[in-house]
Amino acid sequence: MTGWHLDPEAIRRYAEGAAPPDLAASAEAHLMKCATCREAIASQVDTRRVEAIWHEVADRVDAPRPSLPERMLTRLGVGEATARLVAATPTLRGPWLLGIAAVLALSAGAAQADERLLRMFLVAAPLGPLAGVAVAFAGGLDPTREIGLATPYPGLRLLLIRTTAVLAVTVPIVAAAGLMLPGSHWVAAAWLLPTAGLTCAALALTARMTPVVAVGVVATAWVLVTTATALAGDLDLTSGIGAQLFWLAVTAGGGLWLVATRDTVTIKLGRSA
Amino acid sequence: MTTVRVRNATKSFGRTTALDDVDLDAGRGVTGLLGPNGAGKTTLLRIMATVLAPDRGTVTLLGRDPQRPDDRTRIRERLGYLPQDAGFHRGFTVFEFIDYVAILKQMTDRRARHDEVRRVIELTGLSPVSGKRIRALSGGMRRRVGLAQALLGDPDLLVLDEPTVGLDPEQRLRFREMISHAGEGRTVVLSSHQTEDIAALCTRIAVFHRGRVRFTGTPGELTAQAAGRVWAGTQRSAAALAAWRTGDGVYRNVGDPPAGAELIPPTLEDAYLLLMGENELEVTHS
């Protein structure tokens, strides 16, 4: 018990949340010790405000601390819900990424010894990010695919979130491998536009087929068209100026198509969804 | 009111016909799909969950057509689904995983979403393990996580594929209680090959065999079909379509009883086995 009590005006202002910080701090210290003032304030507090405060406290206490990748993403400005969706992307698992890095590092290392392997690197480089996009939606690798298919989350949005996340992680890996190549760094970066173009083409095809099949189609077409010429020493189809302009056009066209049809096209994330 | 209406639904995978001209209605309460493995139960439930579309036939869910994209989204907003082999991101905690599904269910307000996650966690008795990683949970607890995510948003239609599979008897009892509670005021369609679960939970049942519906009605009506066709004996009867030995060593035979057979009251399991036996016979002779 204490000898003094909060005056009615202080109680009213504190109850409404309108008390300045010094008054609020004094009131809180006093309320901890004074049952009379607690009783007086209880009748004046808006129950909706109390519930909101209680929810906030419960949420802070109960909700687990997000994982390190999620915290990093939210610090970069990604929304917490989007960060959780990215964290659940199957491609973004250590073993898979290490696999990509190891294959590309070996390719780049081998290219030091044989120039023909440099050309093969340019053919193979876009396949890493493309495979990542496929893995992000592969039924066997996404354990919650069946649950996800039965939810109302827009397929196109999920497709773009996961694809962006996969590209953000795999492109630097391929770029690092490219820097190990002998010769000009321009050649080492020449795979970027074909990668963007092939990814956009695969995304556009998801209106007709699942992402895994779409990636399979564009990857197969890419390999069939480019391998023979690249091995013969002609790099025009992969890294020539004409090819770069072509892939820039494909990227722009695919992007525009996705924007234009975002509300009308159903993305086939599953066999029939 | 009919929440689920299936007419002439047919679905094939390659040369295998999983569903063959199936009709089914389900309304409020718990409807059970009973049948052996491969009978078509999972295929029908996946169609009801909008994950799969039939090759032929029509399906209406919550008054809407899941073939139309807009309708499909509206259905999914009011749908809860527990797949047969529900997978989890095992590195997530229970809370994180259910929160992840809540995000996919378009619960955008973080605080309201977290409240809902807490509600289903409490409803399914998962509060003590809310912060545990899913990889550290037992199979029964994971099944509860699966049910919890299906209950998010208080859906009007709950589709549960083999919800009690892999659970021990105590967990099954608790699950039955939760599902029974969930069936009050909404439509629950579940599958099982456990007749005890069906008898304990369902107000209506549909028995599947080789992709076709062989019976629809109440558990009592199915049991009544076996009246006068179950008899006890010290050995398997040659006249029986199916027979099994109970714990006390007595054989329960189902089929057309021979003269002088000691008839006993049928159970739901007797009736189910009789129906399966008759259908197998029909398939063999056709």
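Q: Two strands pair if DSSP finds at least two bridges between them, so what makes β3 and β7 of chain B a pair?
A: Strand β3 (residues 29-34) and strand β7 (residues 187-192) of chain B share 6 bridges, in the parallel sense. The rule asks for at least two, so they count as paired. One bridge sets B:Leu33 against B:Ser191 in β7(B).

Q: What kind of model is this, and how are things numbered?
A: It's a predicted model, where local features need pLDDT of at least 70 and side-chain atom pairs count only at pLDDT 80 or more, while totals for chains, interfaces and linings use all residues. Residues are numbered from 1 along each chain as its sequence is written, chains are lettered from A and ligands numbered from 1 in the order in which they are written, and side-chain values use heavy atoms, with hydrogens and water left out.

Q: Why are β5 and β9 of chain B said to stand at the edges?
A: The open sheet has 6 strands in the order β5-β6-β7-β3-β8-β9 (chain B), with mixed pairing. β5 (79-82) and β9 (212-217) each have a single partner strand, so one side of each lacks a neighbour in the sheet. Neighbouring strands here are turned by 15° against each other on average, direction ignored. The strands themselves are DSSP runs of E, at least two residues long, and helices are runs of H or I, at least four, all numbered from the N terminus.

Q: What makes helix α5 of chain B a helix that packs on the sheet?
A: Helix α5 (residues 139-151) touches β5 and β6 (157-161) of chain B, where contact means heavy atoms within 4.5 Å. Its direction makes about 165° with that of β5(B); axes are lines fitted to C-alpha atoms, for helices over the stretch in contact, and angles run from 0 to 180 degrees between N-to-C directions.

Q: What do chain A and chain B bury between them?
A: About 3,300 Å², 57% of it on carbon and sulfur atoms. Buried area is the accessible area (1.4 Å probe) that two parts lose on being put together, summed over both. A:Arg84, A:Ile147 and A:Pro152 supply 20% of the area that chain A buries against chain B, more than any other three residues. The contact takes 38 residues from chain A and 38 from chain B.
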